[in-house]
Amino acid sequence: MIKHALSTRLWHWVNAAAIIVLFMTGLNISNAHRYLYWGDYGFDPKDAWLSVIRFPGWATIPQHYNLAMARDWHITAAWPFGVGLLYIWIAMLANGHFRRDLMTTPCDWTPGAVVASLKAHSGAGAGAAHGYNPVQRILYGMVFGVLLPLMLFTGLAISPGFQAAAPWLLEVLGGRQSARSLHFIAAWGIFGFFVIHIVLALIDWRLILEMITGGRRPEPEASAPPAAEPLPPEEGIPAHG
């Protein structure tokens with residue numbers, strides 16, 4: 001049985017490319033005003049809760065400061081990201097992937113389960129064949145359930161073209177500057193997950209190969225057949241020699 005469906009693999013690589021473009025263009029956009037605020041308004045650096053560094057050209061798209069071009073690339077990449085997120089959620093719920101592999105239980109959040117999961121990852125691929133361990137389920141659940149939707153909705157909220165269509169979204173998020181701050185936090189949260197994801201994948205390169213070929217789920221171990229009982233000796237024939 002295929003471990004990763006073709007549709008999942010296509011989404012994985014398209015989404016990875018979209019997030020890379022979104023992140024690097026976002027750094028260029030951040031350079032336009034490097035201060036973050038809470039509420040509806042913010043323009044004075046002394047009122048900011050965070051002063052962001054100026055990101056170098058090698059980390060941005062384009063590799064020089066160009067706000068208009070960065071916004072165009074950002075909006076272009078947002079389409080496959082947003083449509084893909086909607087698709088993968090529908091697919092995960094329909095095919096049982098979310099319930100089977102990502103849904104956590106209270107036991108998964110215990111310190112013992114977390115420690116056991118980290119120990120399992122200390123060996124290349126140890127324990128990976130039998131599904132996601134508690135730490136993986138928690139991380140993937142946070143990404144799919146919190147960070148990716150938060151980045152999408154906060155991005156829509158601070159988009160001038162969307163504000164007129166759904167002004168209530170800004171109110172839910174606490175204002176335009178709050179939405180902008182949450183967008184920044186979600187983006188860096190996804191970046192942190194991206195780094196962890198790459199490191200763990202490089203520890204066991206087979207995980208990368210599986211996301212290209214699909215891999216195969218391990219077959220359930222067949223139980224050993226019960227031992228046959230000795231036949232009773234036939235009448236007239238001694239049991240031993």
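This is a predicted model: local features need pLDDT of at least 70, side-chain atom pairs count only at pLDDT 80 or more; totals for chains, interfaces and linings use all residues.
Residues are numbered from 1 along each chain as its sequence is written, and side-chain values use heavy atoms, with hydrogens and water left out.

**View 1. Salt bridges join Asp44, Lys46 and Asp47 into one network.** A salt bridge is a side-chain nitrogen of Lys or Arg within 4 Å of a carboxyl oxygen of Asp or Glu. Lys46 also meets Asp44 in such a bridge, at 3.7 Å from N to O. Lys46 counts as exposed because its relative accessibility is 66% (buried means under 20% relative accessible area, exposed over 50%, partly exposed in between, with a 1.4 Å probe and protein chains only). Asp47 is exposed at 52%, and Asp44 is partly exposed at 24%.

**View 2. Asp108 and Arg137 form a salt bridge.** The closest N and O atoms are 2.6 Å apart. The pair links distant parts of the chain, 29 residues apart: Asp108 lies in the loop between H3 and helix H4 (111-120), and Arg137 in helix H5. Helices are DSSP runs (H or I, at least four residues), numbered from the N terminus. Asp108 is buried at 7% relative accessibility, and Arg137 is buried at 16%. The whole structure has 4 salt bridges.

**View 3. The largest pocket holds about 1400 Å³ of space.** Of its 46 lining residues, Ile29, His74, Gly155, Ile158 and His183 are the closest to its centre. A pocket is an open set of points on a 1 Å grid over the protein atoms alone, where a 1.4 Å probe fits, with protein on both sides within 12 Å along at least five of seven lines; lining residues have an atom within 4 Å of a point. The volume is the space filled by probe spheres set on the points, which are joined across faces, edges and corners. Helix H2 gives the most to this lining, with 12 residues.

**View 4. The second largest pocket holds about 1100 Å³ of space.** Its lining has 43 residues, and the closest to its centre are His12, Tyr132, Tyr140, His197 and Met211. The largest share of this lining, 9 residues, comes from H8.

Conventions
Helices (H or I, at least four residues) and strands (E, at least two) are DSSP runs, numbered from the N terminus.
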